[in-house]
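Reader: I have a new structure open and would like to go through parts of it. Can you take my questions one at a time?

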Amino acid sequence: MIQFTSKGIYCVPGKFYLDPWQPVDLAIITHGHADHAYPGMKKYLCHHFTVNILKSRIGHDIQVEGVAYNRPFHINGVKISLHPAGHIIGSSQIRMEYKGKVIVFTGDYKIQDDGLSTPFEPVKCHELITESTFGLPIYRWESVAAQTQRLNEWIMHNQGFKKTSVFIGYSLGKSQRILNAVKDMGEVYVHYSIAKLNMAYSEAGIQLPPYHIVGLRTDTKQLDGKIVLLPPALLDTHLLQKIPHVAYAICSGWMQIRGARRWRSADAGFAISDHADWNGLLQAVKESGAEKVYVTHGQTATFSKYLNEIGIEAEEVKTNYGEEISI
């Protein structure tokens, strides 16, 4: 039913692609991150909440159609439905059924409920296409409550020394989680690129805590002693350097590994990720009941090898989907 091609994952009978990285006629998109939603498609199909994200990131003139979770539709005889992936707002697993065979493409996902994204929903299938960004046993996330407590304790520590707490995290997904976690710790300023994507949450009816916007002309003196959220692209820029009395923290699953924080000379690192950890990956695979698993990106060798060892047929597949490599 599927082929792994140079353009992306192709559904042969349906004549559509899943998160393709080359221009195609019809692309079904799992979520709005740039490594899964590329420009140049004639038509995009995604969850309702992802529509405005695609328009914001790719262009307002694109042809895009939004559908709801758990609402089956048909394309060329293939029964398709979207199911929550828990990764970010609107993120979806794509279920495809043709002549009694069911294949599910997870895109990126996490089992942990972050309180903002629609929680992950296990989907039964014969074959599963999964990521493995953090597919090593060392990656095991703390609870959301424990993560929130760590962020707030770090802010309190900085406030005791009259320092500005700056968090570095992805504009879509991570930053909204951080904003929600630190809402009771003081005034929060977010970069305009983050504020732009916050609108997708507002339009979906998800109320985020209040914040101020940091723009190119913002007087950084007014950020002194406050809480600031910036995207990774600004990590080594003058904006970060101009913020008074700054202490900055990187929020990424990579911070689970000792020494990762020192790699970027950050003042702190918090292991917060929108991807499944080791246990989450195994849980998703086992709950799917899949007889065959394709591992698309991340720790593909280790994770597929382990699945084979425990009796679940698995193989690595090369794709253009990325990982949290920027931080």
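Reader: Which strand does Val 190 lie in?

Author: Val 190 is part of strand β13, residues 188-191. Strands (E, at least two residues) and helices (H or I, at least four) are DSSP runs, numbered from the N terminus. This is a predicted model, where local features need pLDDT of at least 70, side-chain atom pairs count only at pLDDT 80 or more, and totals for chains, interfaces and linings use all residues. Residues are numbered from 1 along each chain as its sequence is written, and side-chain values use heavy atoms, with hydrogens and water left out.

Reader: Is Val 190 buried or exposed?

Author: Val 190 has 0% relative accessibility, so it counts as buried. Buried means under 20% relative accessible area, exposed over 50%, and partly exposed in between (1.4 Å probe, protein chains only).

Reader: What is Val 190 in contact with, beyond its neighbours within four places in sequence?

Author: Ala 195, Asn 198, Tyr 211, His 212, Ile 213, Val 214 and Leu 229. Contact means heavy atoms within 4.5 Å.

Reader: What is the bridge partner of Val 190 in β15?

Author: Leu 229. β13 and β15 pair in the parallel sense over three bridges; strands pair if DSSP finds at least two bridges between them.

Reader: Switching to helices. At what angle do α3 and α4 pack?

Author: About 85°, with the axes of α3 (residues 174-181) and α4 (residues 192-203) 10 Å apart. Axes are lines fitted to C-alpha atoms over the stretch in contact, and angles run from 0 to 180 degrees between N-to-C directions. The two helices are therefore roughly perpendicular, a term for 65 to 115 degrees.

Reader: Which residues make that contact?

Author: Ser 175, Gln 176 and Leu 179 from α3, and Ile 194, Leu 197, Asn 198 and Tyr 201 from α4.

Reader: Last one: which residues are buried in α8?

Author: Thr 300, Phe 303, Ser 304 and Leu 307, in a helix spanning residues 300-309. On the other side of α8, Lys 305 and Glu 309 are exposed.

Notes. Angles under 35 degrees count as roughly parallel, over 145 as roughly antiparallel, 65 to 115 as roughly perpendicular and the rest as oblique.
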